[in-house]
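Work through the exercises below with the model in view. Try each task before you read its solution.

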Amino acid sequence: QKQGTPLKANLSSCHPSFPDGDQIGSCCPPAWPVQQIVDFKFPDPSSPIRVRRAAHLVDEEYKAKYKRAVAIMKELPLDHPHNFWRQADLHCIYCTGAYDQVNSIAPFKIHHSWFFFPWHRALLYIHERILGKLIGDDNFALTYWSWDHPDGMHFPTMFTEGVLNNTQRDAINLPKVVDNNYRAEDRGLTDGEQILDNLALMYHQMVSGAKKPELFMGCKFRSGVEGECEGMGTVEESPHNSVHGWVGNRKNPVKQDMGAFHSAGLDPILYSHHPNIDRMWATWQKMRDNELEFDDEEWLDTEFNFYDENLQLVRIRVRDVLDMSKLRYKYEDIGLPWLDARP
Ligand code: C2O
C-alpha cells in the first residue's frame with residue numbers, strides 16, 4: 001500500500017481557517033520566540049500514575065483543586081502558552097487546519113481521520129500536566145465524563161460551577177440524560193429509553209461496528225493531499241460529534257461553544273468529554289490485545305507540536321501516544337455496561 005511522508009505542521013504557516021461552516025477567523029498563536037523543537041520524552045517510569053476519575057464521582061477536595069488550577073490558567077498573561085485561551089487555540093488550530101503541512105499548502109487537520117485519537121490524547125496529556133504544574137501537584141489528573149455509563153449520563157455538575165462553567169451551552173438539553181446519538185433534534189425519548197439507546201449505540205460503535213482499525217480509527221489521511229480522506233471512525237462520529245452538538249448552544253449559528261471546532265476549547269467540559277473519548281480508545285485497544293492499529297510509518301511518525309508543562313516546544317509522534325501506561329496515566333474503572341447491550 002501507498003506510504004508517504006509523515007505529516008508535520010509548518011509552524012510559521014498559521015492562517016485563518018474555519019472550514020466547517022464557521023465564519024472565517026483566526027486562532028493563530030502570538031509570535032512566540034523561535035525555539036528549537038525537541039523530541040518528546042516519556043515521563044519517568046517511576047513517576048506517579050495519574051488516575052483520571054469519572055467526573056460524577058470526584059469529591060469536593062478534587063473539585064476545589066481543579067478549579068484552582070483552571071483559575072490560575074485563566075489568569076496567566078494572555079500571550080502565555082499555558083493561558084487558558086491559548087490552550088483553547090490549540091484545539092482550534094489543529095482541528096480547523098490553521099497550519100499547513102511542511103512542504104505543502106495542504107492543511108494539517110486531525111479530525112475525520114486516523115489522527116483523531118492520537119492527537120487528542122497528546123493534547124490531554126499536555127493540558128493535564130500543565131494544570132498539575134500550576135498547582136504543584138504531580139498526581140493531578142483530568143476527569144472523564146462517562147456518557148457511556150448510566151450513572152454518568154447527565155452533564156457533570158462540577159462543570160457548571162465557578163470557573164468550570166460556560167454560558168454558551170444548550171439550556172434545553174443540559175438537564176436531560178445525554179443523547180449520545182444526537183442529530184440536532186430532540187427525539188422525545190424517556191430517560192429509560194434514552195439510556196438503553198445510548199448503551200446500544202456504544203455497543204455498536206465499540207464492538208459490532210468497529211471490527212477493523214479503519215472503522216474505529218478513521219481513514220488514512222496522507223501527507224500533501226486534501227480531500228481524499230474524509231472518513232470518521234465510529235466513536236468520532238458519535239458520541240464524539242453528537243455530544244459536542246448536544247452541549248453547544250442551539251441559539252448560536254454553529255452551536256458554539258462546544259458545537260464548533262474553533263470554539264470547543266473555550267468550554268472546560270472539552271477536557272472531560274475528550275478523556276472519555278480517549279478512554280474508549282484505550283478500551284478498544286485492550287479488547288484487541290493492544291495490537292498495533294496501523295503498521296504504517298506515515299502514521300506512526302506524524303508529529304504534533306506543543307509547549308509542554310516546562311514551556312519546551314516538543315514534537316510528540318503518534319507512536320509516542322499509543323500506550324497510555326508509558327504516559328503514566330490511567331482511568332478509574334467503573335465498568336462498561338454497554339458490553340452487555342448487544343442487540
Ligand atoms: Cu478536536 Cu472533540 O474535537
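**Exercise 1: An annotated span**

UniProt, in an unreviewed entry, lists residues 111-128 as "domain: Tyrosinase copper-binding". UniProt positions follow the numbering used here, feature names are shortened, and annotations may be inferred rather than shown by experiment. Residues are numbered from 1 along each chain as its sequence is written. The model is predicted: local features need pLDDT of at least 70, side-chain atom pairs count only at pLDDT 80 or more, and totals for chains, interfaces and linings use all residues.

Task: find how much of residues 111-128 is helix and how much is strand.

Solution. Helices (H or I, at least four residues) and strands (E, at least two) are DSSP runs, numbered from the N terminus. The span is 72% helix and 0% strand. Next, take its end C-alpha atoms: they lie 21 Å apart.

**Exercise 2: The core**

Task: state which residues touch the most other members of the largest nonpolar core.

Solution. First, the terms. A residue is buried if 20 or more other C-beta atoms lie within 10 Å of its own, exposed if 12 or fewer, and partly exposed in between; C-beta atoms are placed from the backbone. A nonpolar core joins buried Ala, Val, Leu, Ile, Met, Phe, Trp, Tyr and Cys residues through C-beta atoms within 7 Å. The largest one has 83 residues, and Trp119 and Ala122 touch the most other members. Helix H3 (residues 116-134) gives the largest share of this core, 10 residues.

**Exercise 3: Partners of Trp119**

Task: name the contacts of Trp119, leaving aside neighbours within four places in sequence.

Solution. Contact means C-beta atoms, placed from the backbone, within 7 Å. Trp119 is in contact with Tyr94, Ile110 and Phe304.

**Exercise 4: The whole protein**

Task: count the helices and strands.

Solution. The protein has eight helices and eight strands.

Notes: Contact = placed C-beta atoms within 7 Å.
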